[in-house]
Amino acid sequence: MRLHRAREGGEADRVRAARYLSTVVSRLSLDELRSARVRRETYVGEWLPEPLLASADDDPARKAETADSLSLAFLVLLESLFA
């Protein structure tokens with residue numbers, strides 16, 4: 001509306017109105033981008049959920065075997081990363 005009013009005024013009013021309009025549009029655009037970034041970065045859940053080993057019996061041997069296989073898998077992974 002201000003730009004429309006400025007068209008009726010002189011050249012100086014037009015320049016000021018155009019500058020004002022570009023400033024307002026720039027600020028609104030930047031605010032929208034910032035809010036979109038915040039909406040994308042907001043995560044309400046857990047980042048790394050704990051793994052659940054659901055078994056009917058809690059066998060210590062099975063847990064030890066799982067721990068060994070995981071540690072071996074991590075060693076292989078690290079070896080492949082640094083090789």
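Analyst: A helix here is a DSSP run of H or I that holds at least four residues, and the numbering starts from the N terminus. Phe 74 is found in helix α3, which covers residues 60-82. Please keep in mind that this is a predicted model.

User: What is the secondary structure of the chain, and how do its elements run?

Analyst: The chain comes to 3 helices and 0 strands, and from the N terminus on the order is α-α-α.

User: How do you know that Arg 34 and Asp 31 meet in a salt bridge?

Analyst: A salt bridge needs a side-chain nitrogen of Lys or Arg within 4 Å of a carboxyl oxygen of Asp or Glu. For the side chains of Arg 34 and Asp 31 the N to O distance is 3.6 Å, and they meet in a salt bridge. By this rule the count comes to 1 salt bridge. Both residues lie in helix α2 (residues 11-41), 3 residues apart, which is about one turn of the helix.

User: Why is Arg 34 called partly exposed, and what about Asp 31?

Analyst: Buried means under 20% relative accessible area and exposed means over 50%, with partly exposed in between. Arg 34 has 47% relative accessibility, so Arg 34 counts as partly exposed. Asp 31 has 43%, and therefore Asp 31 counts as partly exposed too. In the chain as a whole, buried residues make up 4% of the 83 residues.

User: What makes the nonpolar surface patch?

Analyst: The patch, of about 680 Å², is made by Leu 70, Phe 74, Leu 77, Leu 78, Leu 81 and Phe 82.

Note on methods:
Residues numbered from 1 in each chain as written. Predicted model: local features only at pLDDT ≥ 70, side-chain atom pairs only at ≥ 80, totals over all residues. Heavy atoms only, no water. Helix = DSSP H or I, 4+ residues; strand = E, 2+ residues; numbered from the N terminus. Buried < 20%, exposed > 50% of the residue type's maximum accessible area, 1.4 Å probe, protein only. Patch = residues over 30% accessible without salt bridge, like charges linked within 9 Å, V, L, I, M, F, W, Y side chains within 5 Å. Areas by Shrake-Rupley, 256 points an atom, 1.4 Å probe, with all protein chains shown as cover.
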